[in-house]
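Trainee: Could we go through this structure together, one question at a time? I would like to see how each answer is reached.

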Amino acid sequence: SGDVTLASANAGRSGASGPLLLQTGDAKEGSSGTIDILSGEGAGGRGGQITIMVGTGDSGTGGNVEMYAGDSTAGDGGEIILASGEGLYGTGGGLSFVAGSGSPGGDIYISSGQGLKSSSGRLYMCTANVLSKGSSGSISLTTGSTNDGNTGAILLSTGTASGGSGGSIFIHAGCGETRDGGGVELIAGESEIGTGGEVFVTTGYGQETTSGAMTLQT
């Protein structure tokens, strides 16, 4: 079918090109309109692709891509759902979050919502269940390698509680109903030239009471 191009004119020698606004109207009583951006289906090939990209700049910081869900004054705030496609006869689509390269490279922040009058939001990282035979997916937390310097650290830490108990950290291997249960291994790093890494297990210090207990049990 024919192409449809919606674009503003280029700028002259100085100045910015014109903005492009897609917006639905407000509603005094009821829901405001939606905006749907869809590509067509491909009966004998691939479905169409949707690309959202900011143009390159010669000076200053690159442009941002921002996605915000709607606020609500009388209910829950809106959600943002990013889902890749299913593969009926192949592998499901992946979902990648990649920060930009640079000196240093860009950061990736994943944070739950702030609790204004109650608890803050929870953060879940889990792989999907298996419907038939097979193993469920694994979760890997790894830092990058380096040719000259130290590799990055991995920190698992709970927040400080000024009026209650500090949060706990649980490391729990899975149970095996018909086979062995999963193991838990703590292994320090090896070194070809220097000293191997150390493993410290320390209970918490009690400033006004007893320090925490340590229990090793089979």
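Trainee: Is Cys126 buried or exposed?

Mentor: This is a predicted model, in which local features need pLDDT of at least 70 and side-chain atom pairs count only at pLDDT 80 or more, while totals for chains, interfaces and linings use all residues. Residues are numbered from 1 along each chain as its sequence is written, and side-chain values use heavy atoms, with hydrogens and water left out. Buried means under 20% relative accessible area, exposed over 50%, and partly exposed in between, with a 1.4 Å probe and protein chains only. Cys126 has a relative accessible area of 67%, so this residue is exposed.

Trainee: How many disulfides does a search of the whole structure find?

Mentor: A disulfide is a covalent bond between the sulfur atoms of two cysteines, and here it is taken as a pair of cysteine sulfur atoms within 2.5 Å. The cysteine sulfur closest to that of Cys126 is in Cys175, and because 18 Å lies between them, they are too far apart for a bond. Cys175 also counts as exposed, at 73% relative accessibility. For the whole structure, the number of disulfides found is zero.

Trainee: How many helices and strands does the protein have, and what is its radius of gyration?

Mentor: Helices (H or I, at least four residues) and strands (E, at least two) are DSSP runs, numbered from the N terminus, and the protein has zero helices and zero strands. The radius of gyration is taken over C-alpha atoms, and the globule rule is 2.2 Å times the number of residues to the power 0.38. For 218 residues that rule gives 17 Å, and the protein is more spread out than a compact globule, because its radius of gyration is well over that, at 26 Å.

Trainee: What share of the 218 residues is buried?

Mentor: The C-alpha atoms fill a box of roughly 70 × 50 × 45 Å, taken along the principal axes. Within the protein, the share of residues that count as buried is 0%.

Trainee: Which residues does Ser8 touch, not counting residues up to four places away in sequence?

Mentor: Ser8 is partly exposed, with a relative accessible area of 30%, and its C-alpha lies 6.7 Å from that of Leu20, twelve residues apart in sequence. With contact meaning heavy atoms within 4.5 Å, the residues that Ser8 touches are Gly18 and Pro19.
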